[in-house]
Amino acid sequence: MATAAQTPRFTHPAARGTCPFAPPPVYRQAQQEEPISRISLWDGSPSWLLTRHQDIKAALSDPRFSSDSTRPGFPFVSAGARQLNNGQPTFIRMDDPEHARLRRMLTGEFMIKKVEALRPEVQRIADELLDRMTEGRTEADLVGGFALPLPSLVICLLLGVPYQDHEFFQECSRVLLRRDSAVEDVITAQARLTDYLEELTEAKRTHPDDGILSRLVERGELNTKEIGAMGRLLLVAGHETTANMTALSVLALLRNPAQLDHLRRHPEAVPGAVEELLRYLTIVHSGLTRVATEDVDLGGVRIRAGEGVVCMISAANRDPGEFPDADALDLTRDARRHLAFGFGVHQCLGQPLARLELQIALDTVLRRLPGLRLAAPFEDVRFRGEMLIYGVHELPVAW
């Protein structure tokens, strides 16, 4: 069994290259030269970097690679991410059987059939937002006017969280998801959002509704802190991911006019196009982190117990061994093997909802705004490289 060099070859996170849609070039270099390589994290601590599709699938489906962030050696991608490990953990940072027990309480909420029943309501929300954004104007910020409020309204509806509080929880989310947030700011934002959701959970005990938080209260299996932690995870992930994926997808299409034209002429291709955009863009650009609980031989390399691994799914989704011409956006490609939602038992619980929202968002924007174009130079678009979830801060468009 070969052993890779112990001196870190790369640092993580790495700088992006000339294409803002592509992963940092050093990850492609690693994929070609040393697919499982040693890296140095933001604080100087060592870890392993995985870049090949097959290796990442193997690691994410192997129970010897733990998601438990309290284990020694677990790799954190920022100081804020490490700080979030303090306090009430969520099930995504647990291993089975506790992970399975808690996740099972939410599985029914995100089953494809139940999510699909939301389609008319999500479509109504999308149409109303676009009506409001376009009324009396020919230019707007697609992020603030459409991409962000759409999933925020939907997740608030599902959880039973008042949407009028969206500025508050979006502000907290921004702090929690910044790679460069000061630890003190992360502590404050985490406490504010946790207190808010715990108070909301307590209110559901006397004033129940049809939201997920209320149903978790009714089950009687979790205390207020546990429900609040679960709500925090769903609230933050439920609006940040889809919002950024929507805006970045629109921008990628505007930069690929042939693909945009194809989608306009074939609206029935939207579901497949969403899968290709998920592969091509991979907004979880910091990777998925695990720690080995015992020695594991993976891809010709021995990873020792207590050593962390960073599964760079953005690189895996551009692996030419899995996706020919991987750097091209091809909406006719069968991209369903992508790892944008992860893989294995921790695969994203909310992926049916994300797919539904993305399908409706793209179809609605392209159908109703046939003259859609950028309203500012592409070079002026501000990308979210400093955030744990990639995207754009604003997207000025005209129609």
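1. Rings of Phe, Tyr and Trp (its six-membered ring) pair here if their centres lie within 6.5 Å; planes under 30 degrees apart count as stacked, over 60 as edge-to-face and the rest as tilted. By that rule the structure holds 7 aromatic pairs.

2. A word on the ground rules. This is a predicted model, where local features need pLDDT of at least 70 and side-chain atom pairs count only at pLDDT 80 or more, while totals for chains, interfaces and linings use all residues. Residues are numbered from 1 along each chain as its sequence is written, and side-chain values use heavy atoms, with hydrogens and water left out.

3. Now the overall picture. The protein has 16 helices and 11 strands; helices (H or I, at least four residues) and strands (E, at least two) are DSSP runs, numbered from the N terminus. Its C-alpha trace spans about 65 × 55 × 40 Å along the principal axes. The radius of gyration is 21 Å, which agrees with the value near 21 Å for a compact globule of 399 residues; it is taken over C-alpha atoms, and the globule rule is 2.2 Å times the number of residues to the power 0.38. Of the 399 residues, 55% count as buried (under 20% relative accessible area, with exposed being over 50% and partly exposed in between; 1.4 Å probe, protein chains only).

4. Back to the rings, starting with F21 and F378. Their centres are 6.2 Å apart and their planes stand at 40°, so the pair is tilted. This pair links distant parts of the chain, 357 residues apart: F21 is in the loop between β1 (10-11) and α1 (25-33), and F378 in the loop between β10 (373-374) and β11 (396-398). Both F21 and F378 are buried.

5. F383 and Y390 make a stacked pair, with 6.0 Å from centre to centre and 15° between the planes. F383 is buried at a relative accessible area of 19%, and Y390 counts as buried at 2%. Together, F21, Y280, F378, F383 and Y390 form one aromatic cluster.

6. R16 lies over the face of Y390, 3.6 Å from the ring centre. R38 does likewise with W48, at 4.5 Å.

7. The largest pocket holds about 280 Å³ of space. It is lined by 18 residues, of which V143, L148, R174, R384 and H393 lie nearest its centre. Two or more lining residues come from each of α7 (142-147), α9 (166-177) and α12, and α12 again gives the most, with 4 residues.

How values were computed:
A charge sits over a ring if NZ of Lys or CZ of Arg is within 6 Å of the ring centre and within 35 degrees of the ring normal. On a 1 Å grid over the protein atoms alone, a cavity is a set of points where a 1.4 Å probe fits but cannot get out, and a pocket is an open set with protein on both sides within 12 Å along at least five of seven lines; lining residues have an atom within 4 Å of a point. Grid points are joined across faces, edges and corners, and a volume is the space filled by probe spheres set on the points.
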